[in-house]
Protein chains: 2
Amino acid sequence: MSQKVPVELAKSWLLMNHGPTTLVTSSCDGVGNVMAASWAMPLDYDPPKVIVVLDFDALTCQNIEKSGEFGLQLPVGAQADMTYAVGSVSGREVNKFEKYKIKTFAAQKISVPMIEGCAAWMECKLLPDDCQKHGIFIAEVVAAYTDSEIFSDGRWHFPADPMHRTIHHTARGNFYATGELIKANVD
Amino acid sequence: MSQKVPVELAKSWLLMNHGPTTLVTSSCDGVGNVMAASWAMPLDYDPPKVIVVLDFDALTCQNIEKSGEFGLQLPVGAQADMTYAVGSVSGREVNKFEKYKIKTFAAQKISVPMIEGCAAWMECKLLPDDCQKHGIFIAEVVAAYTDSEIFSDGRWHFPADPMHRTIHHTARGNFYATGELIKANVD
(Lines give C-alpha, C1' and ligand atoms only; values in the text may rest on other atoms or scores of the structure.)
Protein backbone atom coordinates (compact mmCIF):
# COMPACT_ATOMS: atom_id res chain seq x y z
CA MET A 1 0.00 0.00 0.00
CA SER A 2 1.36 3.38 -0.93
CA GLN A 3 2.30 5.86 1.77
CA LYS A 4 3.54 9.42 1.79
CA VAL A 5 7.23 9.31 2.63
CA PRO A 6 9.43 12.36 3.22
CA VAL A 7 12.14 13.34 0.76
CA GLU A 8 15.33 14.93 2.07
CA LEU A 9 15.03 18.59 1.09
CA ALA A 10 18.42 18.69 -0.63
CA LYS A 11 17.20 15.87 -2.88
CA SER A 12 13.81 17.37 -3.71
CA TRP A 13 15.12 18.66 -7.07
CA LEU A 14 15.00 15.01 -8.19
CA LEU A 15 11.21 15.22 -8.18
CA MET A 16 11.11 17.94 -10.84
CA ASN A 17 14.23 17.30 -12.90
CA HIS A 18 12.43 15.27 -15.58
CA GLY A 19 10.08 18.14 -16.37
CA PRO A 20 6.66 16.83 -15.38
CA THR A 21 3.47 18.88 -15.41
CA THR A 22 2.53 20.21 -11.99
CA LEU A 23 -0.55 21.21 -10.07
CA VAL A 24 -0.22 24.43 -8.09
CA THR A 25 -2.42 24.79 -5.02
CA SER A 26 -2.86 28.04 -3.17
CA SER A 27 -5.11 29.65 -0.61
CA CYS A 28 -6.16 33.10 0.50
CA ASP A 29 -8.49 34.01 3.35
CA GLY A 30 -9.26 30.32 3.79
CA VAL A 31 -10.38 29.74 0.20
CA GLY A 32 -8.23 27.30 -1.73
CA ASN A 33 -7.56 27.08 -5.43
CA VAL A 34 -5.71 24.81 -7.84
CA MET A 35 -4.35 25.24 -11.36
CA ALA A 36 -2.11 23.26 -13.69
CA ALA A 37 1.36 24.57 -14.55
CA SER A 38 3.70 23.03 -17.08
CA TRP A 39 6.20 25.85 -16.68
CA ALA A 40 7.74 24.84 -13.37
CA MET A 41 11.21 23.49 -12.64
CA PRO A 42 14.02 23.40 -10.08
CA LEU A 43 16.25 26.46 -9.64
CA ASP A 44 18.71 25.29 -6.99
CA TYR A 45 19.71 22.25 -4.96
CA ASP A 46 20.36 23.25 -1.36
CA PRO A 47 18.47 25.07 -0.06
CA PRO A 48 16.09 23.73 -2.68
CA LYS A 49 14.41 26.33 -4.82
CA VAL A 50 11.88 26.06 -7.63
CA ILE A 51 10.52 28.48 -10.19
CA VAL A 52 6.99 28.59 -11.52
CA VAL A 53 5.81 30.84 -14.32
CA LEU A 54 2.35 32.25 -13.59
CA ASP A 55 -0.12 34.41 -15.47
CA PHE A 56 -0.71 37.68 -13.60
CA ASP A 57 -4.44 37.37 -14.27
CA ALA A 58 -4.65 33.99 -12.55
CA LEU A 59 -6.26 33.79 -9.12
CA THR A 60 -3.34 31.50 -8.16
CA CYS A 61 -0.95 34.37 -8.84
CA GLN A 62 -2.90 36.71 -6.59
CA ASN A 63 -3.18 34.09 -3.86
CA ILE A 64 0.57 33.46 -3.88
CA GLU A 65 1.43 37.16 -3.87
CA LYS A 66 -0.84 37.65 -0.85
CA SER A 67 -0.10 34.50 1.15
CA GLY A 68 3.53 33.92 0.12
CA GLU A 69 3.11 30.16 -0.21
CA PHE A 70 1.91 27.43 -2.54
CA GLY A 71 1.79 23.69 -2.97
CA LEU A 72 3.40 22.01 -5.95
CA GLN A 73 2.44 18.43 -6.80
CA LEU A 74 2.95 16.01 -9.63
CA PRO A 75 -0.24 14.49 -11.04
CA VAL A 76 -0.22 11.00 -12.58
CA GLY A 77 -1.88 9.69 -15.73
CA ALA A 78 -5.09 8.82 -13.91
CA GLN A 79 -5.41 12.53 -13.05
CA ALA A 80 -4.99 13.82 -16.61
CA ASP A 81 -8.66 14.78 -17.02
CA MET A 82 -8.62 16.71 -13.74
CA THR A 83 -5.26 18.32 -14.53
CA TYR A 84 -6.52 19.59 -17.86
CA ALA A 85 -9.81 20.73 -16.34
CA VAL A 86 -8.25 22.79 -13.54
CA GLY A 87 -5.95 24.39 -16.10
CA SER A 88 -8.90 25.46 -18.23
CA VAL A 89 -11.19 27.32 -15.84
CA SER A 90 -10.65 30.11 -13.33
CA GLY A 91 -11.02 29.76 -9.59
CA ARG A 92 -12.89 33.05 -9.74
CA GLU A 93 -15.75 31.29 -11.51
CA VAL A 94 -15.93 27.97 -9.69
CA ASN A 95 -14.59 26.16 -6.67
CA LYS A 96 -12.53 23.65 -8.62
CA PHE A 97 -12.11 21.28 -5.68
CA GLU A 98 -15.88 20.90 -5.44
CA LYS A 99 -16.60 20.91 -9.16
CA TYR A 100 -14.04 18.20 -9.96
CA LYS A 101 -14.43 16.33 -6.64
CA ILE A 102 -10.73 16.72 -5.82
CA LYS A 103 -9.76 15.14 -2.52
CA THR A 104 -7.25 17.19 -0.54
CA PHE A 105 -5.24 16.95 2.67
CA ALA A 106 -3.64 19.59 4.89
CA ALA A 107 -0.06 20.59 4.14
CA GLN A 108 2.57 20.20 6.87
CA LYS A 109 4.31 23.57 6.78
CA ILE A 110 2.01 25.86 4.80
CA SER A 111 -1.70 26.71 4.92
CA VAL A 112 -2.59 25.36 1.51
CA PRO A 113 -4.61 22.29 0.47
CA MET A 114 -2.57 19.49 -1.12
CA ILE A 115 -4.07 17.03 -3.61
CA GLU A 116 -4.43 13.31 -2.91
CA GLY A 117 -3.33 10.71 -5.46
CA CYS A 118 -0.30 12.55 -6.86
CA ALA A 119 3.19 11.08 -7.27
CA ALA A 120 4.96 13.73 -5.21
CA TRP A 121 4.33 16.92 -3.28
CA MET A 122 6.40 20.00 -2.47
CA GLU A 123 5.39 22.72 -0.03
CA CYS A 124 6.85 26.04 -1.15
CA LYS A 125 7.41 29.48 0.36
CA LEU A 126 7.71 32.42 -2.01
CA LEU A 127 11.02 34.30 -2.10
CA PRO A 128 9.79 37.72 -3.26
CA ASP A 129 12.00 38.95 -6.10
CA ASP A 130 12.09 41.30 -9.07
CA CYS A 131 11.82 38.25 -11.36
CA GLN A 132 8.09 38.35 -10.62
CA LYS A 133 7.77 41.19 -13.13
CA HIS A 134 8.37 38.49 -15.78
CA GLY A 135 5.87 36.12 -14.16
CA ILE A 136 8.73 34.06 -12.71
CA PHE A 137 7.98 33.15 -9.10
CA ILE A 138 10.93 31.82 -7.08
CA ALA A 139 10.20 29.75 -3.98
CA GLU A 140 11.99 27.63 -1.44
CA VAL A 141 10.83 24.05 -0.94
CA VAL A 142 10.16 23.68 2.79
CA ALA A 143 8.71 20.15 2.77
CA ALA A 144 8.73 17.37 0.17
CA TYR A 145 7.21 13.90 0.17
CA THR A 146 6.29 11.23 -2.33
CA ASP A 147 4.10 8.24 -2.97
CA SER A 148 6.37 5.51 -1.62
CA GLU A 149 5.48 3.14 -4.44
CA ILE A 150 6.59 5.60 -7.13
CA PHE A 151 9.59 7.33 -5.54
CA SER A 152 11.78 6.15 -2.68
CA ASP A 153 15.46 6.26 -1.66
CA GLY A 154 16.12 9.15 -4.04
CA ARG A 155 14.87 7.31 -7.14
CA TRP A 156 11.77 6.99 -9.26
CA HIS A 157 10.24 3.52 -9.51
CA PHE A 158 7.52 4.10 -12.06
CA PRO A 159 5.09 1.20 -12.46
CA ALA A 160 4.32 -0.14 -15.93
CA ASP A 161 0.87 1.43 -16.00
CA PRO A 162 1.02 4.99 -17.43
CA MET A 163 -1.96 5.85 -15.23
CA HIS A 164 0.47 5.74 -12.28
CA ARG A 165 3.32 7.64 -13.93
CA THR A 166 3.95 11.38 -13.95
CA ILE A 167 2.73 13.23 -17.03
CA HIS A 168 3.97 15.92 -19.42
CA HIS A 169 1.46 18.22 -21.11
CA THR A 170 1.99 19.36 -24.67
CA ALA A 171 -1.24 21.20 -25.59
CA ARG A 172 -5.01 20.79 -25.91
CA GLY A 173 -5.21 18.02 -23.30
CA ASN A 174 -2.53 15.87 -24.89
CA PHE A 175 -0.29 14.52 -22.15
CA TYR A 176 2.58 12.07 -22.45
CA ALA A 177 3.33 9.72 -19.58
CA THR A 178 6.92 9.58 -18.39
CA GLY A 179 8.10 6.67 -20.55
CA GLU A 180 10.75 4.00 -20.89
CA LEU A 181 13.96 4.21 -18.86
CA ILE A 182 17.07 4.82 -20.97
CA LYS A 183 20.27 4.35 -19.01
CA ALA A 184 23.16 6.33 -20.42
CA ASN A 185 26.72 5.05 -20.26
CA VAL A 186 28.10 6.75 -17.14
CA ASP A 187 31.65 5.36 -17.24
CA MET B 1 13.25 10.90 -44.94
CA SER B 2 13.34 13.41 -42.14
CA GLN B 3 13.90 17.06 -42.91
CA LYS B 4 14.28 20.17 -40.81
CA VAL B 5 11.04 22.11 -41.07
CA PRO B 6 10.43 25.57 -39.63
CA VAL B 7 8.08 26.09 -36.70
CA GLU B 8 6.07 29.29 -36.49
CA LEU B 9 7.74 31.29 -33.73
CA ALA B 10 4.51 31.87 -31.81
CA LYS B 11 4.13 28.07 -31.63
CA SER B 12 7.69 27.29 -30.58
CA TRP B 13 6.61 26.96 -26.93
CA LEU B 14 5.02 23.65 -27.99
CA LEU B 15 8.52 22.21 -28.38
CA MET B 16 9.42 22.68 -24.71
CA ASN B 17 6.07 22.43 -22.95
CA HIS B 18 6.47 18.74 -22.05
CA GLY B 19 9.69 19.42 -20.14
CA PRO B 20 12.35 17.56 -22.14
CA THR B 21 16.05 17.70 -21.41
CA THR B 22 17.91 20.14 -23.67
CA LEU B 23 21.36 20.60 -25.12
CA VAL B 24 22.68 24.15 -24.97
CA THR B 25 25.21 25.15 -27.62
CA SER B 26 27.22 28.35 -27.44
CA SER B 27 30.24 29.95 -28.99
CA CYS B 28 32.79 32.61 -28.17
CA ASP B 29 35.63 33.83 -30.37
CA GLY B 30 34.85 31.07 -32.83
CA VAL B 31 35.12 28.24 -30.32
CA GLY B 32 31.93 26.30 -29.76
CA ASN B 33 30.72 24.42 -26.70
CA VAL B 34 27.80 22.24 -25.69
CA MET B 35 26.28 21.23 -22.36
CA ALA B 36 23.13 19.46 -21.20
CA ALA B 37 20.46 21.41 -19.33
CA SER B 38 17.38 19.90 -17.75
CA TRP B 39 16.39 23.23 -16.23
CA ALA B 40 15.01 24.92 -19.30
CA MET B 41 11.41 25.81 -20.19
CA PRO B 42 9.20 28.32 -21.98
CA LEU B 43 8.53 31.70 -20.40
CA ASP B 44 6.21 33.33 -22.91
CA TYR B 45 4.28 32.66 -26.11
CA ASP B 46 4.59 35.61 -28.48
CA PRO B 47 7.23 36.84 -28.81
CA PRO B 48 8.46 33.43 -27.68
CA LYS B 49 10.78 33.44 -24.71
CA VAL B 50 12.57 30.67 -22.86
CA ILE B 51 14.46 30.47 -19.60
CA VAL B 52 17.51 28.33 -18.91
CA VAL B 53 19.14 27.97 -15.51
CA LEU B 54 22.92 27.93 -15.82
CA ASP B 55 25.81 27.46 -13.42
CA PHE B 56 27.97 30.61 -13.27
CA ASP B 57 31.10 28.44 -13.38
CA ALA B 58 30.10 26.83 -16.66
CA LEU B 59 31.90 27.86 -19.85
CA THR B 60 28.46 27.95 -21.48
CA CYS B 61 27.41 30.67 -19.06
CA GLN B 62 30.46 32.77 -19.92
CA ASN B 63 29.96 32.22 -23.64
CA ILE B 64 26.33 33.33 -23.46
CA GLU B 65 27.12 36.40 -21.36
CA LYS B 66 29.74 37.44 -23.90
CA SER B 67 28.02 36.54 -27.17
CA GLY B 68 24.39 37.08 -26.15
CA GLU B 69 23.13 34.00 -27.96
CA PHE B 70 22.75 30.24 -27.66
CA GLY B 71 21.24 27.22 -29.35
CA LEU B 72 18.68 25.06 -27.57
CA GLN B 73 17.93 21.61 -28.96
CA LEU B 74 16.08 18.52 -27.83
CA PRO B 75 18.12 15.30 -27.92
CA VAL B 76 16.42 11.95 -28.52
CA GLY B 77 16.95 8.59 -26.84
CA ALA B 78 19.71 7.59 -29.25
CA GLN B 79 21.66 10.63 -27.99
CA ALA B 80 21.35 9.81 -24.27
CA ASP B 81 25.01 8.76 -23.90
CA MET B 82 26.23 11.95 -25.58
CA THR B 83 23.78 14.09 -23.62
CA TYR B 84 25.00 12.67 -20.32
CA ALA B 85 28.65 12.95 -21.39
CA VAL B 86 28.49 16.63 -22.39
CA GLY B 87 26.74 17.37 -19.11
CA SER B 88 29.56 15.74 -17.15
CA VAL B 89 32.75 17.43 -18.41
CA SER B 90 33.76 21.06 -18.92
CA GLY B 91 34.43 22.68 -22.27
CA ARG B 92 37.45 24.20 -20.61
CA GLU B 93 39.05 20.76 -20.47
CA VAL B 94 38.06 19.24 -23.79
CA ASN B 95 36.50 20.12 -27.12
CA LYS B 96 33.34 18.11 -26.59
CA PHE B 97 32.34 18.17 -30.26
CA GLU B 98 35.59 16.42 -31.16
CA LYS B 99 35.76 14.11 -28.17
CA TYR B 100 32.21 12.80 -28.63
CA LYS B 101 32.20 13.05 -32.45
CA ILE B 102 29.16 15.34 -32.43
CA LYS B 103 28.07 16.40 -35.90
CA THR B 104 26.93 20.02 -36.10
CA PHE B 105 25.46 22.43 -38.63
CA ALA B 106 25.42 26.23 -38.81
CA ALA B 107 22.53 28.07 -37.17
CA GLN B 108 20.35 30.35 -39.29
CA LYS B 109 20.21 33.49 -37.16
CA ILE B 110 22.98 33.13 -34.60
CA SER B 111 26.67 32.24 -34.73
CA VAL B 112 26.46 29.03 -32.74
CA PRO B 113 26.84 25.40 -33.82
CA MET B 114 23.63 23.33 -33.75
CA ILE B 115 23.59 19.57 -33.21
CA GLU B 116 22.45 17.10 -35.88
CA GLY B 117 20.03 14.31 -35.01
CA CYS B 118 17.93 16.14 -32.45
CA ALA B 119 14.11 16.32 -32.45
CA ALA B 120 13.90 20.12 -32.48
CA TRP B 121 16.06 23.22 -32.43
CA MET B 122 15.61 26.76 -31.16
CA GLU B 123 17.98 29.63 -31.85
CA CYS B 124 17.93 32.07 -28.93
CA LYS B 125 19.07 35.62 -28.24
CA LEU B 126 19.73 36.59 -24.65
CA LEU B 127 17.54 39.29 -23.10
CA PRO B 128 19.92 40.64 -20.45
CA ASP B 129 18.09 40.92 -17.14
CA ASP B 130 18.60 41.05 -13.39
CA CYS B 131 17.26 37.48 -13.18
CA GLN B 132 20.74 36.38 -14.23
CA LYS B 133 21.88 36.95 -10.66
CA HIS B 134 19.87 33.81 -9.83
CA GLY B 135 21.34 31.91 -12.80
CA ILE B 136 18.08 32.40 -14.73
CA PHE B 137 18.85 33.39 -18.32
CA ILE B 138 15.92 34.76 -20.33
CA ALA B 139 16.12 34.63 -24.11
CA GLU B 140 13.94 35.23 -27.14
CA VAL B 141 13.55 32.40 -29.64
CA VAL B 142 14.47 33.88 -33.03
CA ALA B 143 14.30 30.69 -35.11
CA ALA B 144 12.77 27.26 -34.48
CA TYR B 145 12.65 24.10 -36.56
CA THR B 146 12.03 20.42 -36.05
CA ASP B 147 12.65 16.97 -37.44
CA SER B 148 9.64 16.68 -39.74
CA GLU B 149 9.07 13.03 -38.81
CA ILE B 150 8.76 13.83 -35.09
CA PHE B 151 6.99 17.21 -35.07
CA SER B 152 4.92 18.85 -37.77
CA ASP B 153 1.81 21.02 -38.09
CA GLY B 154 2.11 22.11 -34.46
CA ARG B 155 2.02 18.55 -33.06
CA TRP B 156 4.40 15.89 -31.87
CA HIS B 157 4.27 12.57 -33.75
CA PHE B 158 6.62 10.47 -31.67
CA PRO B 159 7.53 7.12 -33.24
CA ALA B 160 7.21 3.93 -31.19
CA ASP B 161 10.97 3.59 -30.72
CA PRO B 162 12.13 5.48 -27.60
CA MET B 163 15.45 6.04 -29.35
CA HIS B 164 13.62 8.58 -31.54
CA ARG B 165 11.65 10.27 -28.77
CA THR B 166 12.67 13.24 -26.65
CA ILE B 167 14.12 12.40 -23.23
CA HIS B 168 13.83 13.58 -19.64
CA HIS B 169 16.82 13.27 -17.31
CA THR B 170 16.37 12.40 -13.67
CA ALA B 171 19.91 11.89 -12.33
CA ARG B 172 23.08 9.83 -12.80
CA GLY B 173 22.44 9.15 -16.49
CA ASN B 174 18.91 7.85 -15.98
CA PHE B 175 16.70 9.30 -18.69
CA TYR B 176 13.06 8.56 -19.40
CA ALA B 177 11.78 8.72 -22.95
CA THR B 178 8.66 10.77 -23.54
CA GLY B 179 6.08 7.99 -23.16
CA GLU B 180 2.54 6.98 -23.97
CA LEU B 181 0.01 9.58 -25.12
CA ILE B 182 -2.80 10.19 -22.64
CA LYS B 183 -5.63 12.25 -24.10
CA ALA B 184 -7.56 14.14 -21.46
CA ASN B 185 -11.27 14.81 -21.81
CA VAL B 186 -11.39 18.31 -23.29
CA ASP B 187 -15.18 18.72 -23.49
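Predicted model: local features only at pLDDT ≥ 70, side-chain atom pairs only at ≥ 80, totals over all residues.
Residues are numbered from 1 along each chain as its sequence is written, chains are lettered from A and ligands numbered from 1 in the order in which they are written, and side-chain values use heavy atoms, with hydrogens and water left out.

The side chain of B:K11 meets that of B:E8 in a salt bridge (3.9 Å, N to O); a salt bridge is a side-chain nitrogen of Lys or Arg within 4 Å of a carboxyl oxygen of Asp or Glu. B:E8 is exposed, at 52% relative accessibility. In chain A, the side chains of A:K11 and A:E8 also form a salt bridge (3.9 Å, N to O). A:K11 is partly exposed at 41%, and A:E8 is exposed at 51%.

A further salt bridge joins A:E116 and A:K4 (2.9 Å, N to O). This pair links distant parts of the chain, 112 residues apart: A:E116 lies in the loop between strand 8 (113-115) and strand 9 (120-126) of chain A, and A:K4 in strand 1 (residues 4-6) of chain A. Helices (H or I, at least four residues) and strands (E, at least two) are DSSP runs, numbered from the N terminus. A:E116 is partly exposed at 25% relative accessibility, as is A:K4 at 36%. Over all chains, the count is four salt bridges.

Across the interface of chain B and chain A, zero salt bridges are found. The contact (heavy atoms within 4.5 Å) takes 51 residues from chain B and 51 residues from chain A. The two chains bury about 4,700 Å² between them, 61% of it on carbon and sulfur atoms; buried area is the accessible area (1.4 Å probe) that two parts lose on being put together, summed over both. B:W39, B:Y176 and B:I182 supply 18% of the area that chain B buries against chain A, more than any other three residues.

Strand 14 (residues 174-183) of chain A runs antiparallel to strand 14 of chain B, and seven bridges join them; two strands pair if DSSP finds at least two bridges between them. The bridge partner of A:T178 is B:T178.

Technical notes
Buried < 20%, exposed > 50% of the residue type's maximum accessible area, 1.4 Å probe, protein only.
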